Amino acid sequence: MPLKAPRKQSVSMGRGARKRDEDSGTEVGEGADEWTQSKATVRPPDQLDLTDAELKEEFTRILTANNPHAPQNIVRYSFKEGTYKPIGFVNQLAVHFSQVGNLIPKDSDEGRRQHYRDEMVAGPQESARVVLSDAGNLDEDEEPKEPAIEAESQIDMAIAEVAEKVAEEELMTHKQPKDRKLTNQFNFSDRASQTLNHPLRDRECQMEPPPRTNFSATANQWEIYDAYVEELKKQEKIKEKEKTKTPVAKKTGKLAMRKLTSMESQSDDITKVSQAAKIVERMVNQNTYDDVAQDFKYYEDAADEYRDQEGTLLPLWKFQNDKAKRLAVTALCWNSKYNDLFAVGHGSYDFMKQSRGMLLLYSLKNPSFPEYIFSSDSGIMCLDIHVDHPYLVVVGHYDGNVAVYNLKKPHSQPSFRSSAKSGKHTDPVWQVKWQKDDMDHNLNFFSVSSDGRIVSWTLVKSELVHTDVIKLKVEGSTTEVSEGLELHTVGCGTAFDFHKEIDYMFLVGTEEGKIYKVKQHRPHQLLIGPLGPEHLGSLKYLTNPVLTDLSAHQFCKASWCSKSYSSQFLDTYDAHNMAVDAVTWNPYHTKVFMSCSSDWTVKIWDHTIKTPMFIYDLNSAVGDVSWAPYSSTVFAAVTTDGKAHVFDLAINKYEAICNQPVVAKKKNKITHVQFNPIYPIIIVGDDRGHITCLKLSPNLRKMPKEKKGQEVQKGPAVEITKLDKLLNLVREVKTKT
């Protein structure tokens with residue numbers, strides 16, 4: 001008992017303290033809000049002391065949906081471009097809590113199935129309960145005072161009857177098929193749709209059939225025999241060479257033969273495919289440049305009908321090669337037999353930038369890549385293609401050498417090449433020209449250089465034989481030295497052209513601006529051969545005939561055999577104030593030639609008169625001029641400001657009928673121009689190594705109109721008379737003045 005007394009006391013004291021607190025609370029808060037009372041703030045010891053202005057300063061923060069912890073420099077590999085690329089979009093979703101649940105929406109297919117199953121299960125149980133309740137009510141009404149045991153037996157019987165009825169109903173009713181079990185809990189739905197198939201179309205085109213030729217040959221018995229004999233001779237020669245060789249040389253020879261056989265086998269495999277590959281390449285290019293080919297063949301500028309005396313140039317193809325990017329176009333020449341093939345010489349006109357040179361041959365059928373590629377150590381400054389042998393190309397180099405390339409031979413080295421021993425030039429070769437064969441039917445060509453020499457080169461077997469035709473000298477520049485010696489200043493030749501009909505007459509342009517008309521006499525050939533008595537009458541015309549072997553009644557004649565050219569200057573024209581860049585005879589009129597220079601002028605001359613017939617100032621240095629092959633009055637000129645000028649003297653004698661910029665950039669300088677011998681197109685080359693093909697509009701190639709009942713006269717005679725009329729007008733004006 002002594003322990004319980006203090007517990008009561010503490011309880012009573014607790015209740016009293018609570019009452020006091022409640023009373024004191026009611027007294028303090030009586031009639032006033034407790035929040036209005038002043039409260040003492042408790043500050044932590046390390047709190048900063050801020051001024052009122054700092055406390056009133058507001059700091060705004062913008063809440064964004066970007067995840068600060070998301071990486072910003074994710075890089076993934078791009079299989080399309082083959083490089084690693086940064087990903088621009090980064091997922092900013094941050095998941096704080098996730099839990100996989102098993103709740104299924106009621107409206108989903110799975111929810112409907114489960115609801116249907118629950119109804120199917122709950123249906124028979126409810127019907128059984130209803131039957132049982134009805135049976136119980138009936139029993140209570142009839143026998144309310146029966147004992148409980150009998151009631152239970154009746155309930156069991158009623159349940160059995162209800163179960164039998166439900167089983168019969170299930171048998172009578174159609175059983176629904178079991179639902180297909182889903183692979184997972186997600187809601188998948190199978191949908192099918194039929195797409196519209198586009199109808200197939202057949203597209204056909206008709207083209208001209210390619211030309212066909214039937215080739216047949218028979219192998220005779222003697223041809224087969226000769227082939228076997230040649231093969232045996234070759235084998236015998238090889239055996240003889242092997243006998244003379246040392247054992248070390250035999251080993252090296254065997255290794256070389258193995259390499260050659262392997263290279264030949266590889267080359268044979270390539271050559272089998274090369275022709276087919278070239279055809280496929282041309283087909284692909286023709287599809288690629290189909291619009292350009294259509295313009296080349298069919299397009300005519302309809303605006304020319306409204307322009308009486310003006311024309312335009314339509315750009316077609318552009319030819320360029322990566323290997324010749326930094327090399328200027330120094331020469332252009334069309335092939336006389338294959339009108340779609342032209343040669344391009346690449347080099348440099350800058351003395352300080354001399355490197356390599358290239359000879360490329362392009363075809364209009366394949367503008368993407370050249371047909372032939374030849375490289376050289378020195379820049380190519382000029383070239384010419386033989387008229388009768390279109391596979392021979394002669395070039396002149398900056399180092400003074402000349403070379404002849406044979407397109408039939410696969411190797412890239414020239415077939416003929418000059419050297420210091422064979423009399424090469426000491427300065428750049430500015431022009432080369434094929435000429436007619438000599439008396440021995442050897443091919444020969446001429447070259448002109450800055451060293452003042454005009455040289456004739458003859459192709460004899462496997463070497464070049466040179467003969468100096470003439471040496472240019474500057475008039476009035478002879479200086480007398482002691483002991484009666486005279487020094488002549490050498491003239492620097494820059495261009496020359498042979499007369500179309502008179503083989504022994506040609507024009508030479510020099511760096512001093514003068515043009516020389518030169519007449520050459522070919523060297524007399526040594527003729528030796530047996531002659532009968534019937535030829536004795538002709539010997540009296542020979543100079544110093546030599547007669548031998550008189551006993552056999554056969555004679556041998558020999559003419560004088562001087563191998564030196566005797567040339568003379570017929571006329572000198574004070575043509576230009578600067579170097580002559582080109583000189584060319586008119587293809588129709590035998591008296592007319594044209595020259596151009598860096599002094600901005602183009603001049604047309606009659607070689608019988610020392611003053612020019614026409615002078616045109618083009619306001620820029622003229623790089624090249626070319627006569628049109630279809631008219632005696634049409635010519636084209638190109639200038640260093642990137643423009644092409646086309647003149648027709650029959651339409652306008654005073655100015656060009658077409659002045660058109662051809663090069664895209666103003667810094668590019670056009671260096672050369674050439675007309676195609678058949679098609680109405682020209683090609684121009686610039687100092688960046690690009691060649692542009694341009695089509696002449698109808699006004700630039702006007703032909704005489706046909707009149708009713710009169711045939712239009714065509715031919716060289718008509719062109720000569722047309723140019724003669726213009727020259728006569730100019731001659732009359734000059735005689736009057």
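**View 1. A cluster of aromatic rings joins Phe614, Tyr616, Trp627, Phe635 and Phe647 through ring pairs.** The model is predicted, with local features needing pLDDT of at least 70 and side-chain atom pairs counting only at pLDDT 80 or more, while totals for chains, interfaces and linings use all residues. Residues are numbered from 1 along each chain as its sequence is written, and side-chain values use heavy atoms, with hydrogens and water left out. Rings of Phe, Tyr and Trp (its six-membered ring) pair if their centres lie within 6.5 Å, and planes under 30 degrees apart count as stacked, over 60 as edge-to-face and the rest as tilted.

**View 2. Tyrosine 349 and tryptophan 430 form a stacked pair, one of 25 aromatic pairs counted by this rule.** Their ring centres are 6.5 Å apart and their planes lie at 15°. Tyrosine 349 lies in the loop between strand 5 (341–347) and strand 6 (357–363), and tryptophan 430 in strand 12 (residues 429–435), so the pair ties together parts that are 81 residues apart in sequence; strands (E, at least two residues) and helices (H or I, at least four) are DSSP runs numbered from the N terminus.

**View 3. Phenylalanine 635 and phenylalanine 647 form a stacked aromatic pair, 4.8 Å centre to centre with 10° between the planes.** Because phenylalanine 635 lies in strand 29 (residues 634–639) and phenylalanine 647 in strand 30 (residues 643–648), the pair ties together parts that are 12 residues apart in sequence. Both phenylalanine 635 and phenylalanine 647 are buried, where buried means under 20% relative accessible area, exposed over 50% and partly exposed in between (1.4 Å probe, protein chains only).
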